[in-house]
Amino acid sequence: MTPRPMAVRPWSTWAVHVGLWFIAHALLTLVLGRPWFAAAAVSACVLMLVLVNNAKFKALREPFVFQDYEYFTDAIRHPRLYIPFLGWWRFMAAAAGFVLAVVVGLGWEAVPAARFDGLGQLGGVGLVLSSGLLLLMLSHGRSPPITLDPDQDLHALGLLASLWCYGLEGRRLPSARSPFEGLADLLGRGELPHLVAIQSESFFDARTLCPGIRPEVLARYDALKAEAVLQGTLAVPAWGANTVRTEFAFLTGVREEALGVHRFNPYRALAAGWEVVSVAAFLKRLGYRTVCIHPYPASFYLRDRVYPRLGFDAFEDISAFDGAARAGPYVGDAAVAERIAATLAAADEPVFIFAITMENHGPLHLEQVTAADEASLYTQSPPSGCEDLTVYLRHLRNADGMVGRLRDAALASPRPVGLCWYGDHVPIMPAVYDRFGAPDGDVEYVFWHSQGSAAPLQRNLEAAGLGMAWLGTLGLVTGGVETD
């Protein structure tokens, strides 16, 4: 287990561990009638949790938490996003072991004739189940309080007890309120500009990682920063993945500290009925048409259920990109830029477009590197073991091309256009970070306006303050980051 839990920890945490094992074993025995097979199956499930936890910790520097349980169903629906981080060989070995265990276990262990006899197997199942429930009852309220630091809680409580406590805490919906709630409507500010916000997948300035990366990889982005209203670094609540944490922070302005355990996946709380005002809902009240563009299935992260609740009029997912050009396994940034440009050109009313790109989503190590890539991305050959970085830079250059295309589309629009560009988190490149050092996790953002600005200002922000700061530079709210 990584990180390693304390061997000596409160009895209540061990009671949760044993109690959950007993309950799972009893229920599986009740269904199958084979207690030895049930014992092996439950223990194998615990082992799988350990393996998944270790893989997540290696890639994302965060242990597995209860709110990650959708990983298992998502791994079935979107295997390329998850299984490579566990390891294909490890996954195949686990799958083969499971099949072998089922065949051997079901064939070797016979179902007893007295399966439902109160003095036979049914009585034993009842005893084990009652013992498990009793252990959970005795432990309730006696475990150390969780800190919501997954590393610390896993170390103090152990895996099953930390999952159990996070699950119990997740039953309570957040009470946090958005700063967009109660904002006064716009009065007398003139023509409303089109607004385009881009959450660029895994975007950060990788040129700071190592020498030899060609500066022109982000030439258009550099030019946009030179014309910016405001730009700087952005502290985000995610590292390597968990896009929705940054996404939610931008859209609602709610800090992760206010979310409690729901900071790990706030969209599940929204899908469960929590109401929160978003920047989209606020802009819709001002007269904007609100559109989300994301070239991936709308059901991923429950966005198909969440985005209507956040105030979006339309959600254009992967179905809107039939036949679109791909860059690697995903729809390319160029295709998303063209979709945005077309939406701007067709708009006869102010429109707010929020786009979540997909091109630079990992696993990067599944893509191939060519000699032409190295020649066009580096001024000197990169060290061995940096293939992930080369793949990442190839996609980063395409993101830079998207920046240029959006700038051109904004300048061609008869209505002014405000652009917000930011990254959701740094990419997963463990071998590269082992060699050059891991980044601190901050990314970049830039606010740009088609009507130009004075000398760009620089200010470091947090993701939860990004939306309000952007609207402040456009004069759409007061109390944001004003530039005049």
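Tutor: Start at S162. S162 is buried, because its relative accessible area is 6%. (Buried means under 20%, exposed over 50%, and partly exposed in between, for a 1.4 Å probe and protein chains only.) The model is predicted, so local features need pLDDT of at least 70, and side-chain atom pairs count only at pLDDT 80 or more, while totals for chains, interfaces and linings use all residues. Residues are numbered from 1 along each chain as its sequence is written, and side-chain values use heavy atoms, without hydrogens or water.

S162 sits in helix α8. (Helices are DSSP runs of H or I with at least four residues, strands are E runs of at least two, and both are numbered from the N terminus.) Setting aside neighbours within four places in sequence, S162 is in contact with D153, L154 and L157. (Contact means heavy atoms within 4.5 Å.)

Now look at the space beside S162. The second largest cavity is lined by S162 together with P63, F64, V65, P150, D153, L154, L163 and Y166. (On a 1 Å grid over the protein atoms alone, a cavity is a set of points where a 1.4 Å probe fits but cannot get out; a pocket is an open set with protein on both sides within 12 Å along at least five of seven lines; lining residues have an atom within 4 Å of a point.) Two helices, α7 (150–157) and α8, each give two or more residues to this lining. The second largest cavity holds about 50 Å³. (A volume is the space filled by probe spheres set on the points, which are joined across faces, edges and corners.) Its lining divides into seven nonpolar residues, one polar and one charged. (Ala, Val, Leu, Ile, Met, Phe, Trp, Tyr, Cys and Pro count as nonpolar; Asp, Glu, Lys and Arg as charged; the others, Gly among them, as polar.)

L163 leads on to an open space. L163 is among the residues nearest the centre of the second largest pocket, with L20, L49, F66 and L160. This pocket has about 510 Å³ of space and 18 lining residues. Of these, 17 are nonpolar, one is polar and none is charged.

Follow α2 next. α2 has 26 residues and spans 37 Å from first C-alpha to last, close to the expected 38 Å. (The expected span is 1.5 Å times one less than the number of residues.) After α2 comes R61, with a positive phi near 60 degrees.

How do the nonpolar residues group? The largest nonpolar core has 110 residues, and I340, F352, F354 and L389 have the most contacts inside it. (A nonpolar core is a set of buried Ala, Val, Leu, Ile, Met, Phe, Trp, Tyr and Cys residues joined through side-chain atoms within 4.5 Å.) Apart from that core lies another, of 12 residues, including A59, F64, L159 and L160.

One more space is worth a look. The largest cavity has about 80 Å³ of space. It has 12 lining residues, with Q67, D68, Y71, N265 and Y301 closest to its centre. Helix α3 (residues 70–77) gives the largest share of that lining, three residues. By class, the lining has five nonpolar, three polar and four charged residues. The whole structure has three cavities of 30 Å³ or more.
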